[in-house]
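Please open the structure in a viewer and keep the selection tool at hand.

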Number of protein chains: 4
Amino acid sequence: MSTHTVGLIMNGVTGRMGANQHLLRSIVPIIRQGGVPAGDTLILPEPLLVGRNSGKLEAAARAAGLTRWTTDLDSALSDPKLSLYFDAQTTLLRAEAVTKAIAAGKHVYCEKPTAVSSAQALQLYAAARKRGVKHGVVQDKLWLPGLLKLADLVRRGFFGRILSVRGEFGYWVFEGDLVPAQRPSWNYRREDGGGIVLDMFCHWRYVLDNLFGRVKAVSCLAATHIDERWDEAGRPYPATADDAAYGTLELEGGIIVQLNSSWEVRVRRDDLLTLQVDGTQGSAVAGLRDCWIQPYSATPRPVWNPDQPNPIDFFAGWQKLPEQKSYDNAFKAQWELFLRHLVLEEPFRWDLLEGAKGVQLAEAALESSRSRRWVQVPELGAP
Amino acid sequence: MSTHTVGLIMNGVTGRMGANQHLLRSIVPIIRQGGVPAGDTLILPEPLLVGRNSGKLEAAARAAGLTRWTTDLDSALSDPKLSLYFDAQTTLLRAEAVTKAIAAGKHVYCEKPTAVSSAQALQLYAAARKRGVKHGVVQDKLWLPGLLKLADLVRRGFFGRILSVRGEFGYWVFEGDLVPAQRPSWNYRREDGGGIVLDMFCHWRYVLDNLFGRVKAVSCLAATHIDERWDEAGRPYPATADDAAYGTLELEGGIIVQLNSSWEVRVRRDDLLTLQVDGTQGSAVAGLRDCWIQPYSATPRPVWNPDQPNPIDFFAGWQKLPEQKSYDNAFKAQWELFLRHLVLEEPFRWDLLEGAKGVQLAEAALESSRSRRWVQVPELGAP
Amino acid sequence: MSTHTVGLIMNGVTGRMGANQHLLRSIVPIIRQGGVPAGDTLILPEPLLVGRNSGKLEAAARAAGLTRWTTDLDSALSDPKLSLYFDAQTTLLRAEAVTKAIAAGKHVYCEKPTAVSSAQALQLYAAARKRGVKHGVVQDKLWLPGLLKLADLVRRGFFGRILSVRGEFGYWVFEGDLVPAQRPSWNYRREDGGGIVLDMFCHWRYVLDNLFGRVKAVSCLAATHIDERWDEAGRPYPATADDAAYGTLELEGGIIVQLNSSWEVRVRRDDLLTLQVDGTQGSAVAGLRDCWIQPYSATPRPVWNPDQPNPIDFFAGWQKLPEQKSYDNAFKAQWELFLRHLVLEEPFRWDLLEGAKGVQLAEAALESSRSRRWVQVPELGAP
Amino acid sequence: MSTHTVGLIMNGVTGRMGANQHLLRSIVPIIRQGGVPAGDTLILPEPLLVGRNSGKLEAAARAAGLTRWTTDLDSALSDPKLSLYFDAQTTLLRAEAVTKAIAAGKHVYCEKPTAVSSAQALQLYAAARKRGVKHGVVQDKLWLPGLLKLADLVRRGFFGRILSVRGEFGYWVFEGDLVPAQRPSWNYRREDGGGIVLDMFCHWRYVLDNLFGRVKAVSCLAATHIDERWDEAGRPYPATADDAAYGTLELEGGIIVQLNSSWEVRVRRDDLLTLQVDGTQGSAVAGLRDCWIQPYSATPRPVWNPDQPNPIDFFAGWQKLPEQKSYDNAFKAQWELFLRHLVLEEPFRWDLLEGAKGVQLAEAALESSRSRRWVQVPELGAP
């Protein structure tokens, strides 16, 4: 068995998501397992960590059992042995660095949002096509076990005609005064690229498009419920970005989607993210890992009678799906597909155009919130 | 102890709600308990059932242990011993009958929607004021134990500042072919006054106004998910009315409400109606009878890590409120207050103006759905 | 990153508390983690163990992975590279050794009680101030997770107005004949500085002062329930010290505290130490690590009816607080704060004056027990 | 089998305790069971209800299935067929009525407190002895199943030497604004004979004297934690009586008792009243109906180590006592003994002297609270 090495520049993996999901749970396990199997070949990434803070880079490399890191992105981009550029920086820095990488002829794989405007996101796509490099965008939620089970149900026709989708995402992110916040403070500052609409609607776009049908229109109300928070150093700061978004969407086929995203909600549901799908033949509720179904024949027939305690246990009437497959980490699963795309020319449809669609939906949602009306989401093509 | 009798015309109590909630669970128990205690007096209703179908009337009277019924509304209205008119007919018939009753100098108490347009609903209010009769509108959900518990939490300041309210109402109403439908077929025909927006937004108005703050604006998408159903006789008919409504509302104080109403949803939640309230100091989820709370200090601190089964049980972290009071049937509770209002001159704020506000919100929601934009809900006064 | 070393004399760490809590669970882990982070510096203690028994010292050093120990306290105190003196000897020996250390210009950190009388304890405080050295006293219970959770509840205003605190401390300490005793025999001999009042009221003072309000007066009944015990060598001895204390205290703000301390009680409660706090808006019960709450709205409404098994489960109506933070060993947490105080000049309010307050309360409690009346606890200042 | 009827004047059974415990759960069941078996005879009470409000009397009689009631106490007392006078009026009215009944030659049985001062209580005892009538005082808690089980343990020597008793009585009595109060408002007004010390220390006296040993001295702090409440008509009133009492007592034999009584405590324990008894050979915790034990051999050996979750489940190590006997209602049990005393000359030691001892302890407790010192409780004899 031969080994095909891929020199990989990893930029921005000292942050929470970059370090945990991409470095420690994707690339390191791929290296430890000897590479991604691809026919007779194993595709082995050889990462060079890039960042701005040498102390953090050294620590990240040590934690990953790696030795190579640098603060000099330009020299990394000029090294011909490094063929792939990965970017997990904060959103505001992404487009410029990806543009440079494309210009240097690197293939690119990057986190979402790919840019802060759909115009900029489309330019990245156009640049990559023009330069002829391969490109991909992280769309990890598609590989969550709960959503994979949902996708299987759709594919099998379990739902009959799908009527509606209800999504609840979020949890209580502490303000940071008495209890430390679970998320970085820049998420709550608009001026630093924060905001839940920009963060989450990039996800919603690919989830909805891939599972249920193309998004056609959106109505959204973005809110900033908590306007003072405490940062990593314990200092109060004004929270200027939206921290909750109440959305309604229309998909192809007349499916209506109601989607709440919030960092100020206490969770009384199956998981941090739940999607309920109702169809003529049955319904399902998916969390991050599990999925429960209620087919037509198992649907109870409640009658409105609030005089008495309801005789139906509305949780017991659902069946939890068994594990018919084993599921890898969602980020790692997509990394493996991208590395195969790089080496084997396998198709990979989660590219910079798809990434731009995510930014487009976030933009449309914010526009809807400002103008207090529905906003259409037209088909997106190369500029 | 003296007894004060109230001659009561009950129109439309052969239907489901009228018979069950108003006749059998409100008026009959009040008669059996000897009347409504009011200082040294017992207020005793003496009902005369009125309707269009003598067979149904006779059956309803017999089921209630009563003997008096008639199909002649006009002669009932001309009887000076009958001082109170109650209306639970279908919506399309209500305004005309209530208007006649007011003209005859009767006090009126009636179901919602009071009319099919807010203009007409306001005319009823103006007519009652002009004629000097007392008036009330059924707003039963305010006396549901679950919502009373929620109201107590608001009053005690449990939530701190309320940020948002999420409401889910509905269940799967069977189409009627294989499984009999749980609701009358006219509910699904626009031409007969059906539709979930007209039905439910009258409720949402008084629930939101009374519990959280005045409704200021609404965005709503009404849908007809199932367009063919089978009626009481087993015959298929086109379902022309909206059967689901996806609403977002703004209240005074910046509270945002997200409210789904649907007869095509399978229930995986605590009850047929659930309201989740999130505030800076705590959250609550109320069903029809029960209520669960999670104060700030008991709020878990989840971290996003979909790699592993979530270590937090998101249902266990809520505490079910104990029964600190005993609760009567919600309809009966409001009937008793109205009868005391009639005899004792106690204030009663759930009147025809409040009823008109419900119709106003339903109207605004339908207008929003048509125009695909937010619609303001101005303060309502006498025309 | 630079390292700032602190030469540390540890006297009395061959005993149970000194060895386990201070040496093995505080200083050794601090050394293993590379020191206490303090900006760009790591504060690294370099301990020299001091004691009277060379065999025990050698064993303690070996267990800790250390090499330096001596039985010559005076020469240790004369070494200028050792800047900090720590004392965990038995109470009777403490004041003299601490006084010597202060005279030698060492900073001091020591266990409680700091002395056997408040006059002596205040002299230590005065001497330290005069000599200009830094000083601290162990008040470990403030960093117990259960009490930290309680302190957060107080800070958030969870209780409304606090009415009362009930404390139960203790467990069955075996007499030592058939089952070996869990505590050293000197604890049960007055002539050796034993007694539960002197031991525990030093703790109660800082716990009450810091969590709920300044102690103003105390009523206490000290008892010796078991007057014969068996020592470490299996020999019977007369137990002359108090082994149980029944106390009532008044705090600023009218809060009443009822506190039992006993080594002759069998435990049917949540933990070895439990504090129940009742306030107008809610109550909490804290153990060493966990804390349960019952807010007003979740307070059951029991009715006295001993005819029938009580329908309320009085344990189920409480909610266990989730882990919103991670907690280090309580002793280690305070050690780290003291080391930062030493190097960074950060304030540290748990000093020899606070230590003297603990001795003052123990003294007042014993005086109350002798005179069978309430004893006031005046504000304490430098002598 | 012959029947011996006892004409019984019941005064004050329209109140909560009188109606529920004495009329409906004691006298009515005794009548329904045909009387109290006493050798060949059945002792059958024939009650005449006496009170001040004819409406309430009529309702109480009807609820009990009785027909005889009067508002004229004097004529009842002059009826020779009525030989027994029972009093459950509010405390302020009791002594005068009992004195009249004794003067009329009636045997007397009455609720506690028998009077508002021990001097007055002793006069009742002296008057009854002088007039030669039989007398008894309700001491119901002695017949609670939980306390009967405790008494059996004492009798069997289970505890070895008893060292201490811890008592917790109370629960949250709602203020009456949002949640209706569970107790009558006069309990919270000193001017109406209210107060928890007067109410509960009468109970504590006979419980302690009978179960563990004679009370020798008391230290008590009485408090009024909540000073505004809402009465039965929903009107706010100042709560002037003590609503919590923190007591410590010394019994014969050196037993120390710590006793909290409170109407402002939330319950996290086995029952509304719990008594924990610790002895050299074992401990027990009794609630109203159940009792748990932990003998010496089953006593765990906890070690103080708050670093880690405690490995011992402190509730699991206790054994719940099985039901070895069946237990009747506590009030009814004592009624039956008193009726047998009346007819069969059986001894009955719970008499007016015992009742006076209860008032004596309440008085001493209040005196201790005022003078802030221990108060002796001397032996009580006839004046």
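**Conventions**

This is a predicted model, in which local features need pLDDT of at least 70 and side-chain atom pairs count only at pLDDT 80 or more, while totals for chains, interfaces and linings use all residues. Residues are numbered from 1 along each chain as its sequence is written, chains are lettered from A and ligands numbered from 1 in the order in which they are written, and side-chain values use heavy atoms, with hydrogens and water left out.

Helices (H or I, at least four residues) and strands (E, at least two) are DSSP runs, numbered from the N terminus.

**Stop 1**

Two packed helices are described by the angle between their axes and the distance between the axes. Axes are lines fitted to C-alpha atoms, for helices over the stretch in contact, and angles run from 0 to 180 degrees between N-to-C directions.

Select helix H1 (residues 16-32) and helix H2 (residues 54-64) of chain C, which pack at an angle of about 45 degrees with their axes 10 Å apart. H1(C) and H2(C) are therefore oblique to each other; angles under 35 degrees count as roughly parallel, over 145 as roughly antiparallel, 65 to 115 as roughly perpendicular and the rest as oblique. Now display the side chains where contact (heavy atoms within 4.5 Å) is made: C:Leu23, C:Leu24, C:Val28 and C:Arg32 belong to H1(C), and C:Ala60, C:Ala63 and C:Ala64 to H2(C). By class, this contact of H1(C) with H2(C) has 6 nonpolar, no polar and 1 charged residues. In these classes, Ala, Val, Leu, Ile, Met, Phe, Trp, Tyr, Cys and Pro count as nonpolar, Asp, Glu, Lys and Arg as charged, and the others, Gly among them, as polar.

Next, select helix H4 (residues 91-103) and helix H5 (residues 118-131) of chain C. Their packing angle is about 10 degrees, and their axes are 9 Å apart. H4(C) and H5(C) are therefore roughly parallel to each other. From H4(C), C:Ala95, C:Val98, C:Thr99, C:Ile102 and C:Ala103 meet C:Gln120, C:Leu124, C:Ala127, C:Ala128 and C:Arg131 of H5(C). The contact of H4(C) with H5(C) has 7 nonpolar, 2 polar and 1 charged residues by class.

**Stop 2: the sheet of chain C**

Select the open sheet of 9 strands in chain C, whose order is E17-E16-E15-E14-E8-E13-E12-E9-E18, with mixed pairing. Two strands pair if DSSP finds at least two bridges between them. Strand E17 (319-320) and strand E18 (375-376) of chain C are the edge strands, each pairing on one side only.

Within this chain, strand E12 (residues 244-251) and strand E13 (residues 256-262) pair in the antiparallel sense over 7 bridges. Which residue of E13(C) is the bridge partner of C:Ala245? The partner is C:Ser261.

Helix H9 (residues 352-371) of chain C lies across E9, E12 and E18, running at about 55 degrees to E9(C).

**Stop 3: chain D**

In chain D, select strand E15 (residues 282-286) and strand E16 (residues 291-295), which run antiparallel and are joined by 5 bridges. D:Ser283 stands opposite D:Gln294 in E16(D). Helix H6 (residues 145-156) of chain D lies across strand E8 (162-170), strand E14 (273-279), E15 and E16, running at about 25 degrees to E16(D).

Move to D:Leu44, in strand E3 (residues 41-50) of chain D. Leaving aside neighbours within four places in sequence, D:Leu44 is in contact with D:Thr3, D:His4, D:Thr5, D:Val6, D:Ile31, D:Gly34 and D:Gly35.

**Stop 4: backbone details**

Select B:Lys112 and B:Pro113, joined by a cis peptide bond with omega of about -10 degrees. B:Pro113 is in the loop between strand E6 (107-110) and helix H5 (118-131) of chain B. A cis peptide bond also joins D:Lys112 and D:Pro113, with omega of about -15 degrees.

In chain A, find A:Arg372 in the loop between helix H9 (352-371) and strand E18 (375-376). A:Arg372 is not a glycine, although its phi is positive, at about 55 degrees.

**Stop 5: chains A and B**

Finally, display chains A and B together. A rotation of 180 degrees with 0.0 Å of shift along its axis superposes chain A on chain B (RMSD 0.1 Å), by least squares on the C-alpha atoms of residues with pLDDT of at least 70 in both. The two copies are thus related as by a two-fold rotation axis. In chain A, the C-alpha nearest the axis belongs to A:Arg373, 2.0 Å from it.
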